[in-house]
2 protein chains.
Amino acid sequence: MKDHRLQNGEVGALEEEEGDGQHENGHGSAVVLGVDGGTTSTVCVCMPLLPFSDRDLPDTLPVLARAVAGCSNHNSVGETASNNTIEQVMAEALCKSGSTWSAVRAVCLGVSGVNHPTDQERILQWLRDILPSHVKLFVHNDALAALASGTMGKLHGCVLIAGTGCISYGFSKDGREARAAGAGPVLGDWGSGYGIAAQALTAVVKAHDGRGPQTMLTDSILKALSLSSPDELIGWTYADPSWARIAALVPEVVSCAEAGDEIANKVLDDAVQELALSVRAVVQRLRLCGEDGNGSFPIVMVGGVLEANKSWDIGKEVINCIRKYYPGAYPIRPKVEPAVGAALLAWNFLEKESERHYNS
Amino acid sequence: MKDHRLQNGEVGALEEEEGDGQHENGHGSAVVLGVDGGTTSTVCVCMPLLPFSDRDLPDTLPVLARAVAGCSNHNSVGETASNNTIEQVMAEALCKSGSTWSAVRAVCLGVSGVNHPTDQERILQWLRDILPSHVKLFVHNDALAALASGTMGKLHGCVLIAGTGCISYGFSKDGREARAAGAGPVLGDWGSGYGIAAQALTAVVKAHDGRGPQTMLTDSILKALSLSSPDELIGWTYADPSWARIAALVPEVVSCAEAGDEIANKVLDDAVQELALSVRAVVQRLRLCGEDGNGSFPIVMVGGVLEANKSWDIGKEVINCIRKYYPGAYPIRPKVEPAVGAALLAWNFLEKESERHYNS
């Protein structure tokens, strides 16, 4: 499953020219890098540094280059592999843009698996060691980049990411932040793509050994994996610990649910409840809905699990569920990808630093 | 958590002599090896080959030597590590007993993670490569060894193992077999020690981020792990993928439940239901309860999760739950460990081979 769709026309246009080698960038023009580090893939975009005075963003954002690599969640692949992936994807984006590190003013990393100040500090320390000292560094959870991709850099509202993993993250106007879920599959992320697929696999095993009702999921999943018996699912599951490999079965669950399978419908219903609960926990703690509960706030919806399907639309069901409690919640499906959100944040942070410098 | 208690006095007596080096074994006397390969530890016992005619086993079984090593579930540690552990534990038991491979008539392996004929065949092939050709080899799931440890070698009834992992396995008098659960933590083994602990950890994370009620589990688990905040649980959980490390938190869950914590009680209640369901699935498929449902059959109870605690006795609750459906079910808590069960199976299989040979 892909976590985020490529939705920025400019990037596509540039990517078509990949064969030409490096792109011209009026060598020396200041740029920023935005990195979206997910559990499935890692994306880096290189964007020019827009003038700070220009608060109204252009309709189409100018992305100079884009590079893609694998997983950079250190909880999934370990710290060394995660660091290597991030270093490689930044170097590739920079190279494609025709820029060099001397032109980079700031890097903003939004990385899945950054859950604690010590995670943030460890990555910052590593970046300081490998990057030139003039580059400003900002490291956050990938949820922040995803939020910014929906709000075009404004840090207000809640973002719900549901791809291989899931997390709900919010920022209030007065700068407080809160999160719910995002603790990985062992710690109850049942609304994630991994969670949905693991519940479906469990239903197949239970139907097979007599603990649960028969389900269409059995034929559908065995066919998708080219296996002949549910007994083989155990070996398949533990042969490779990658979370994305399990999560890739979500389309089978959605198809079975759309075909009327009760078990598949229950798995998706449960996931909707889990996802809605994680958003409600964040909204409640930050009072994003205002004191009367009716205030307006955005919910940025990101990730493959929340994309519209034929008839079973998980994202729409989650929003319906949340609006029962908070009628002022309005969904945003971002027009740019989270890596662009990360680059917008880099601008944002640089601007604030510049304001602080000017005011001091 | 330990999966199986040492309950054979003879073994303890021999172990005290470990410092002496090898034991005398009237060199050349025929022996068998029984191996219980679990997700937490692997045990091998070396026992003398009792005369086939002697169907009444002595009160105290003569264990010549016993050796212990780590995990041998290939799904948890990989095939190479699993094979190395099994090879090492057999060599150590043989060495301690003062025997050599030339004296070994048969080896019976009961290994956790053997779920499919291809698993069995792969292990058999590997054993044939490393052991002398005269040694008879029997490879099964560890559940079979555990059943035999309760029934003293008779293959009839159901065994429920709940340690780090869990599985329900049954044999009917006419030689049919069935299993339920035992598919590992990703595939819904929620009654296992790992499952119980993962649910408890999830409850702590949910209480912390506002998705669930406060629970005593938070203080209890953080204290047990020397952590200062639930945020640190994520890093702790994914720092080491060993299932046994998670399962080791079960005593904290039981303590909180005994102290009246509602969440901890719900986690244990759910585990009881899952374990009872897995036994019922096996009993139903094999009709161990007879056609009228009232027939008598043993349920062998093995593993740390089923051991009696102060007031919360998971094993007793499981039996109560099963007896509502099958009043003829009677629990057996084995007096010997599963590795001895594996050795008894080796005798049993050798005897059957000898009978077949005699009859042909």
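Close-up 1. At a relative accessibility of 4%, A:Ala181 counts as buried (under 20% relative accessible area; exposed is over 50% and partly exposed in between, with a 1.4 Å probe and protein chains only). This is a predicted model, in which local features need pLDDT of at least 70, side-chain atom pairs count only at pLDDT 80 or more, and totals for chains, interfaces and linings use all residues. Residues are numbered from 1 along each chain as its sequence is written, chains are lettered from A and ligands numbered from 1 in the order in which they are written, and side-chain values use heavy atoms, with hydrogens and water left out. A:Ala181 belongs to strand β8 (residues 177–181) of chain A; strands (E, at least two residues) and helices (H or I, at least four) are DSSP runs numbered from the N terminus. The phi of A:Ala181 is near 60 degrees, a positive value in a residue other than glycine. Most residues other than glycine have a negative phi.

**Close-up 2. B:Met152, a loop residue with positive phi.** B:Met152 is not a glycine, yet has a positive phi of about 50 degrees. The residue lies in the loop between α5 and β6 (157–162) of chain B. With a relative accessible area of 30%, B:Met152 is partly exposed.

**Close-up 3. The aromatic pair A:Phe138 and A:Phe349.** Over all chains, a search of the whole structure finds 13 aromatic pairs. Rings of Phe, Tyr and Trp (its six-membered ring) pair if their centres lie within 6.5 Å; planes under 30 degrees apart count as stacked, over 60 as edge-to-face and the rest as tilted. The ring centres of A:Phe138 and A:Phe349 are 4.7 Å apart and the planes stand at 35 degrees, so this pair is tilted. A:Phe138 is in strand β5 (residues 136–140) and A:Phe349 in helix α13 (residues 338–359) of chain A, 211 residues apart. A:Phe138 is buried at 13% relative accessible area, and A:Phe349 is buried at 14%.

**Close-up 4. The aromatic pair A:Phe297 and A:Tyr326.** This pair is edge-to-face, at 6.3 Å centre to centre and 70 degrees between the planes. A:Phe297 lies in strand β9 (residues 297–302) and A:Tyr326 in the loop between α12 (314–323) and β10 (329–332) of chain A, so the contact ties together parts 29 residues apart in sequence. A:Phe297 is buried at 0% relative accessibility, and A:Tyr326 is buried at 6%.

**Close-up 5. Arginines over tyrosine rings.** A:Arg280 lies over the face of A:Tyr325, 3.7 Å from the ring centre. In chain B, the charged end of B:Arg280 sits over the ring of B:Tyr325, 3.7 Å from its centre. A charge sits over a ring if NZ of Lys or CZ of Arg is within 6 Å of the ring centre and within 35 degrees of the ring normal.

**Close-up 6. The open sheet β3-β2-β1-β4-β5 of chain B.** The five strands of this sheet have mixed pairing; two strands pair if DSSP finds at least two bridges between them. Strands β3 (65–69) and β5 (136–140) of chain B stand at the edges with a single partner each, so one side of each has no neighbour in the sheet. Strands β1 (residues 31–37) and β4 (residues 104–111) of chain B run parallel and are joined by seven bridges. B:Val31 stands opposite B:Val104 in β4(B).
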